[in-house]
There are 4 protein chains.
Amino acid sequence: MSKYLHTPVDPPKVTDYNLSGLVQAMGKTAFQGRNVAKSVEVWQNMLEDNVTILLGLAGAMVPAGMRRIIVYLIENRLIDCLVATGANLFHDCHESLGRYHWQGSHLADDTALREEMVDRIYDVFASDLDFQQTDHFIADFAAGLPQDKPYTTRHFLYLLGQELNKTGKENGILTAAARANVPVYCPAVGDSSIGIAMALNRVKGKCNFQFDVIQDVVETAQLIYKTNASGVIYVGGGTPKNYIQQTEVTAYLMGHETQGHKYALQITADAPQWGGLSGCTFEEAQSWGKISAKAMKVSLFADATIVLPLIVNALAEQAEESIKNRTKPQFKIDQAVLEVV
Amino acid sequence: MSKYLHTPVDPPKVTDYNLSGLVQAMGKTAFQGRNVAKSVEVWQNMLEDNVTILLGLAGAMVPAGMRRIIVYLIENRLIDCLVATGANLFHDCHESLGRYHWQGSHLADDTALREEMVDRIYDVFASDLDFQQTDHFIADFAAGLPQDKPYTTRHFLYLLGQELNKTGKENGILTAAARANVPVYCPAVGDSSIGIAMALNRVKGKCNFQFDVIQDVVETAQLIYKTNASGVIYVGGGTPKNYIQQTEVTAYLMGHETQGHKYALQITADAPQWGGLSGCTFEEAQSWGKISAKAMKVSLFADATIVLPLIVNALAEQAEESIKNRTKPQFKIDQAVLEVV
Amino acid sequence: MSKYLHTPVDPPKVTDYNLSGLVQAMGKTAFQGRNVAKSVEVWQNMLEDNVTILLGLAGAMVPAGMRRIIVYLIENRLIDCLVATGANLFHDCHESLGRYHWQGSHLADDTALREEMVDRIYDVFASDLDFQQTDHFIADFAAGLPQDKPYTTRHFLYLLGQELNKTGKENGILTAAARANVPVYCPAVGDSSIGIAMALNRVKGKCNFQFDVIQDVVETAQLIYKTNASGVIYVGGGTPKNYIQQTEVTAYLMGHETQGHKYALQITADAPQWGGLSGCTFEEAQSWGKISAKAMKVSLFADATIVLPLIVNALAEQAEESIKNRTKPQFKIDQAVLEVV
Amino acid sequence: MSKYLHTPVDPPKVTDYNLSGLVQAMGKTAFQGRNVAKSVEVWQNMLEDNVTILLGLAGAMVPAGMRRIIVYLIENRLIDCLVATGANLFHDCHESLGRYHWQGSHLADDTALREEMVDRIYDVFASDLDFQQTDHFIADFAAGLPQDKPYTTRHFLYLLGQELNKTGKENGILTAAARANVPVYCPAVGDSSIGIAMALNRVKGKCNFQFDVIQDVVETAQLIYKTNASGVIYVGGGTPKNYIQQTEVTAYLMGHETQGHKYALQITADAPQWGGLSGCTFEEAQSWGKISAKAMKVSLFADATIVLPLIVNALAEQAEESIKNRTKPQFKIDQAVLEVV
């Protein structure tokens with residue numbers, strides 16, 4: 001028998017009713033099913049190896065209902081740092097203020113929706129007027145901050161989280177992150193309703209401070225070279241994935257010995273053959289030194305709204321001890337410059 | 001508030017440890033996550049409405065480890081008829097004979113595999129020599145059948161299932177279907193190792209019977225017009241999907257009143273924008289009358305190796321009563337011509 | 001400088017107005033653009049090496065308007081054998097009878113279309129009543145054939161092509177193939193309107209002959225081992241791709257020395273990560289011996305309606321001499337058993 | 001005959017050798033082929049209607065060899081504003097300095113590449129050491145600018161283009177844009193090697209200015225409400241697409257009457273069913289008012305490295321007069337605040 005033939009594919013039984021049982025059964029299958037199980041395994045290894053875990057979050061994950069799961073990840077420290085699109089953070093703020101995203105249909109008549117001022121995100125609806133209220137909340141919050149210095153997006157988002165902890169109606173990503181001292185970065189902050197709100201302030205002369213997007217780059221590199229090792233989790237691609245990937249390059253160019261991320265998990269509906277960074281493999285990233293040549297890694301080709309709940313629930317069930325016993329990296333995030341404790 | 005805004009997106013909690021709890025929680029989310037829950041709902045409705053349920057199975061689902069799930073569907077009559085690619089049935093036979101598919105890596109060196117006579121199916125390996133043994137088993141089985149008449153693929157596969165029930169080592173799709181009187185069709189039987197085995201027989205003068213692929217078409221149309229209503233489930237596209245879709249057209253052209261399939265669920269990694277039948281929407285199928293204008297339907301864009309175990313496990317958990325109480329259509333499949341009892 | 005850095009990416013100029021100039025310029029780029037140029041190169045090499053060229057055709061390519069291009073390939077012998085889905089051959093027959101497919105919109109209201117008996121194929125419309133007339137044409141043609149023997153799909157389609165040459169209104173795939181002695185196979189003939197037409201005949205007792213789908217398998221294997229070497233071109237996946245791929249396995253199991261296809265080009269909108277044969281790489285096929293370890297090969301991830309016209313037009317322009325001077329394999333296709341001359 | 005059946009699909013002839021002839025022939029076909037022709041039509045209408053044309057550029061388009069095409073678009077004013085990922089602009093700078101991207105293979109051994117310090121982008125290679133030189137060039141350039149004020153990315157990129165016009169070796173995107181007064185924005189400037197270069201400067205105390213990413217948002221909104229109407233072209237999704245889409249929302253919230261973009265063309269390998277902004281339809285965008293309810297629009301699902309050269313070459317050939325006679329919007333981009341002339 002060939003050395004290649006060592007472990008038979010062994011299909012799951014349909015009595016694997018409990019969740020982690022099912023996911024473990026998937027580990028005996030193939031294709032993306034096996035990658036679900038492998039994803040749980042990679043993440044659990046990150047937790048047990050006490051590396052710094054960075055999560056990149058792209059795609060309309062908050063409107064899609066992934067918010068409580070991200071909150072869980074933050075509160076239980078299955079992640080140590082979040083890099084997100086502005087949209088996800090705006091939508092998080094929107095829900096923390098007690099407003100909603102609504103179930104809809106991707107087949108809806110968009111002209112009719114427009115007449116009712118209902119915005120569509122595939123099969124999710126939202127009230128445009130409600131969105132405008134959230135715009136104004138953010139604009140007013142920013143206008144109330146000291147205007148004499150620039151803010152990293154991390155510091156700004158921390159302060160916004162604190163504000164929401166005081167005045168909001170629901171717990172969310174930013175509120176949980178502020179309480180848990182988990183830094184949140186938004187590399188393309190201008191490219192979102194947060195950016196729009198700030199632009200409205202600017203033309204009204206209400207708010208003139210700068211976002212220090214370069215200090216953000218400095219800080220995220222420090223997260224890498226001031227801690228022992230790193231693991232990365234990408235939900236979608238976009239700026240969050242590239243931004244976390246580039247931390248290894250930045251740290252290296254700053255003169256630090258870097259090894260590349262030690263663990264890597266990505267959930268994507270993109271594909272490598274188009275050449276973009278969003279869909280590229282971790283093997284490709286190894287040529288750049290962004291991912292360690294010895295990394296434990298998995299690419300899971302799936303819609304995150306299916307697999308993220310599955311993976312996180314399975315971790316919650318089967319990795320309870322690993323989560324509790326984890327030595328978490330500690331940061332001071334309530335100041336102009338992040339400090340790795 | 002707009003009439004469009006009636007049900008808020010309400011993210012799942014990470015304490016939804018039991019499986020159907022998680023899937024129900026997904027029903028409150030969006031994108032493909034919600035479609036997982038919708039898929040369970042559509043299937044459960046099929047079961048409770050006592051329609052005839054046809055499953056189209058394409059893609060390397062048996063090598064990927066979905067075999068026991070298909071067996072479960074047959075034995076518990078969550079489906080009433082199976083239309084499959086020849087490959088899936090060959091691979092099922094292979095495993096029933098006690099041979100394996102093996103876990104491998106999609107990054108393996110294919111030249112090295114070739115030297116070891118190991119065949120790769122993405123991240124699944126198989127022994128080429130073992131496959132040849134299964135080829136010969138099928139060839140010998142066919143050569144042993146009466147040669148004086150044509151066989152529908154349904155009758156041939158029933159007899160093969162019976163043979164495997166006698167001489168095989170493992171229960172599988174064909175064995176379960178033969179015992180449960182679930183007809184199995186293979187529209188492209190020549191396009192598979194079954195076809196290869198038959199061609200080997202043919203050149204050796206061992207086996208000269210014809211596959212009556214037209215009687216197959218007649219029978220599958222009868223499944224529709226001789227029962228009350230139908231529900232369809234497609235795992236992948238290819239010939240199985242089109243073949244089941246066309247039953248409505250055939251029945252209509254045979255002079256029967258048809259309404260289109262009443263329930264429709266498809267799990268696919270394909271997409272509509274390429275224009276192919278495999279990825280097309282059920283809305284498109286409504287223009288043809290293949291799917292009822294009032295059908296309950298859902299398209300789930302996902303790798304079936306992730307969602308099929310999830311959906312079927314959730315059904316097993318939450319639809320136990322519906323499964324038990326179902327009035328199942330009854331067929332006589334152990335004869336040259338199928339009979340709807 | 002690293003040995004890996006040998007040929008710079010050298011972007012095309014926007015003065016490459018002529019077609020083969022543009023395609024050659026694409027050869028200096030990357031991603032799928034480069035694969036367009038590579039596809040032309042692989043195909044041209046097939047032509048110059050005088051191998052037997054087999055084209056697999058799946059997806060609704062005739063409704064999409066690719067018919068004249070396939071006709072060109074047959075008449076000018078850029079291919080030597082065609083394996084197609086039944087749908088493409090039915091639609092070809094439909095157009096040869098002077099009927100049409102019509103431009104439409106993928107956003108059309110399918111319920112409204114149904115009321116007008118208009119069938120939709122993504123953004124193509126067709127008259128359902130016209131389709132029924134073509135069904136009846138095929139049924140009547142088949143009923144008029146001698147009924148005392150089985151027909152390979154190749155022989156049946158040759159005879160249908162001859163009939164259309166006599167009574168049709170337009171030149172098409174089947175008419176051209178019949179005149180050019182290019183064999184056409186349809187492995188899943190039951191899975192199409194051809195199969196439906198035959199089933200209608202069957203229930204009316206009008207036509208009882210069998211399709212000899214196993215002799216088809218025998219013949220397509222002979223195409224491989226009775227000629228020097230082979231090149232394969234796949235437009236889409238489905239049965240045509242697998243069927244042509246399996247010829248190497250069949251020929252080997254029949255006792256012939258086979259090397260795997262020597263040239264391989266596929267145009268697909270599918271992807272490898274789902275594990276199916278339709279989207280799998282030619283590297284995977286090398287593990288099976290279906291594709292030669294030394295094959296010249298390219299996978300072009302694109303909608304064929306964009307790249308097929310581009311590639312074929314570029315070949316017509318730049319490979320004129322190669323096309324003319326080619327030594328074409330010769331077949332006798334107007335008899336029950338194919339003969340390689 | 002149904003009203004739906006008005007224009008037959010009329011397949012292209014393989015004698016449509018000239019480029020615009022081929023593209024016009026594609027207009028008679030279906031699926032994405034027709035969308036190629038439609039894309040040319042939409043773009044040509046933008047040119048003839050004298051709207052302000054904004055191009056969003058995402059994905060590794062410069063490494064893939066699309067640079068000269070973008071330069072052509074700028075120099076001949078087929079576009080009036082560019083929004084790009086930082087990576088594309090960094091890679092443009094790299095090539096303007098006389099350095100290269102190299103043809104490679106997506107199957108290369110990434111560990112071997114790493115040892116040679118060769119970075120892989122799918123099937124493109126680059127020298128990591130060369131990249132570092134470009135990093136230092138950008139860092140030094142930035143350190144030489146007046147440090148007492150923030151810079152919009154538009155102003156910074158203009159100055160960088162001017163510098164490259166003086167000291168570079170090749171014409172490129174930034175050099176052409178600087179000469180042609182075409183504003184270039186980079187919403188996620190920190191998320192790229194430009195951001196890395198600035199972070200290196202920052203930790204060395206060499207360069208402390210801020211990027212005024214909010215003024216960028218203000219300016220891009222002005223591009224919309226200070227001109228008559230707008231047309232948008234998206235190559236890929238990511239920040240460039242969302243950023244240009246949001247200009248309509250920002251302008252509206254600033255108190256201006258907006259109608260949504262009047263023309264819209266997107267080239268994408270993404271798909272709507274994942275719910276992300278990158279793959280979403282223009283119909284969805286109409287619910288938000290980002291795209292006019294009456295917009296002329298097309299979504300082309302294809303790899304841009306295939307279709308962008310095709311579309312732009314066809315425009316250059318068939319729209320020569322429209323390009324020449326176009327009334328172009330005029331901007332002053334060589335100052336801290338953009339001016340619409």
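A:D49 is partly exposed, at 29% relative accessibility (buried is under 20% relative accessible area, exposed over 50%, partly exposed in between, with a 1.4 Å probe and protein chains only). This is a predicted model, in which local features need pLDDT of at least 70 and side-chain atom pairs count only at pLDDT 80 or more, while totals for chains, interfaces and linings use all residues. Residues are numbered from 1 along each chain as its sequence is written, chains are lettered from A and ligands numbered from 1 in the order in which they are written, and side-chain values use heavy atoms, with hydrogens and water left out.

A:D49 has a charged partner. The salt bridge runs to A:K262, with the closest N and O atoms 2.8 Å apart (a side-chain nitrogen of Lys or Arg within 4 Å of a carboxyl oxygen of Asp or Glu). The two residues stand 213 apart in the chain: A:K262 in strand 8 (residues 261-268), A:D49 in the loop between helix 2 and strand 1 (52-57). Helices (H or I, at least four residues) and strands (E, at least two) are DSSP runs, numbered from the N terminus. A:K262 is also partly exposed, at 36%.

Chain D has a bridge between D:D49 and D:K262, again at 2.8 Å from N to O. D:D49 sits in the loop between helix 2 (31-48) and strand 1 (52-57) and D:K262 in strand 8 (residues 261-268), so the bridge ties together parts 213 residues apart in sequence. D:D49 is partly exposed at 30%. D:K262 is partly exposed at 35%.

Other bridges cross between chains. C:E284 meets B:R120 at 3.8 Å, N to O. C:E284 lies in helix 12 (residues 282-288) of chain C, and B:R120 in strand 4 of chain B. Both ends are buried: C:E284 at 5%, B:R120 at 4%. In chain A, salt bridges link A:R67, A:D92 and A:E95 into a network. The whole structure holds 50 salt bridges over all chains.

Now the rings. There are 45 aromatic pairs over all chains (rings of Phe, Tyr and Trp, its six-membered ring, with centres within 6.5 Å; planes under 30 degrees apart are stacked, over 60 edge-to-face, the rest tilted). A:F31 and B:Y122 pair edge-to-face, 6.2 Å centre to centre and 70 degrees between the planes. A:F31 is in helix 2 (residues 31-48) of chain A and B:Y122 in the loop between strand 4 (118-121) and strand 5 (124-127) of chain B, so this pair joins two chains. A:F31 is buried at 0%. B:Y122 is buried at 6%.

B:W288 and C:F131 are stacked, because their centres are 5.8 Å apart and their planes at 25 degrees. B:W288 belongs to helix 12 (residues 282-288) of chain B and C:F131 to helix 6 (residues 128-143) of chain C, so two chains are joined here as well. B:W288 is buried at 16%, C:F131 at 5%. B:W288 also carries a charge over its ring: the charged end of B:K290, 4.1 Å from the centre (NZ of Lys or CZ of Arg within 6 Å of the ring centre and within 35 degrees of the ring normal).

What of the cysteines? The count of disulfides over all chains is zero (a pair of cysteine sulfur atoms within 2.5 Å). For A:C207, the nearest cysteine sulfur is that of A:C93, 15 Å away. A:C207 is buried at 2%. For C:C186, the nearest is that of C:C81, at 12 Å. C:C186 is buried at 1%.
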